[in-house]
Amino acid sequence: MDIPYCIVKSKSRLGALVHQKTATAIALTAVRPEDRHDFSQVVTAVRQQYNENAKQIERTWGGGIMGVKSQAATDKMERAIAKEAAKKAMM
């Protein structure tokens, strides 16, 4: 299925599109003839930014930087593994 989708930062931006305070999701089923050109530009931009780059967006999510507590826990676990390996090597 080739359905363009995009994620919008706030519910109020979607609400402005449908003349409400907020909206959690919208589906555009019909477009007026005078708005077809603008709609096709939006669809093209959405496909380029989200649909075609979905795997790249998923891979770069989060940055891979651990916090101080996570780093300390990882270091503690690595020290325990090294200590256990040293004990096994001594036997």
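Ala, Val, Leu, Ile, Met, Phe, Trp, Tyr, Cys and Pro count as nonpolar, Asp, Glu, Lys and Arg as charged, and the others, Gly among them, as polar. By this grouping, the lining of the largest pocket in the structure, which is a predicted model, has 18 nonpolar, 1 polar and 3 charged residues.

The space in this largest pocket comes to about 840 Å³. The elements that give two or more residues to its lining are helix H1, which spans 11–17, and helix H2, which spans 36–51. Of the 22 residues that line the pocket, Leu17, Ile26, Leu28, Phe39 and Val42 lie nearest its centre. The largest share of the lining is supplied by H2, with 5 residues.

With regard to the overall fold, the secondary structure of the protein consists of 4 helices and 0 strands, and the pattern read along the sequence is α-α-α-α. The protein has 91 residues, of which 7% count as buried. When contacts between residues at least 6 apart in sequence are considered, 38% of them join residues at least 24 apart.

The confidence of the prediction was examined for the protein and for its elements. The mean pLDDT of the protein is 85, with 88% of its residues reaching 70 or more. Among the elements, helix H3, made up of residues 54–59, has the lowest mean pLDDT, 67, whereas the highest, 95, belongs to helix H4, made up of residues 68–90.

Two individual residues were also considered, one in a loop and one in the segment before H1. His19 lies in the loop between H1 and H2, and its phi is near 60°, a positive value in a residue other than glycine. The relative accessible area of His19 is 73%, and His19 is therefore classed as exposed, given that the cut-off for this class is over 50%. Ile7, for its part, is found in the segment before H1. With a relative accessible area of 61%, Ile7 is likewise exposed. Although Ile7 and Tyr50 are 43 residues apart along the chain, their C-alpha atoms are separated by 8.3 Å.

Key:
Residues are numbered from 1 along each chain as its sequence is written. This is a predicted model: local features need pLDDT of at least 70, side-chain atom pairs count only at pLDDT 80 or more; totals for chains, interfaces and linings use all residues. Side-chain values use heavy atoms; hydrogens and water are left out. Buried means under 20% relative accessible area, exposed over 50%, partly exposed in between (1.4 Å probe, protein chains only). Contact means heavy atoms within 4.5 Å. On a 1 Å grid over the protein atoms alone, a cavity is a set of points where a 1.4 Å probe fits but cannot get out, and a pocket is an open set with protein on both sides within 12 Å along at least five of seven lines; lining residues have an atom within 4 Å of a point. Grid points are joined across faces, edges and corners, and a volume is the space filled by probe spheres set on the points. pLDDT is the predictor's confidence in each residue, from 0 to 100.
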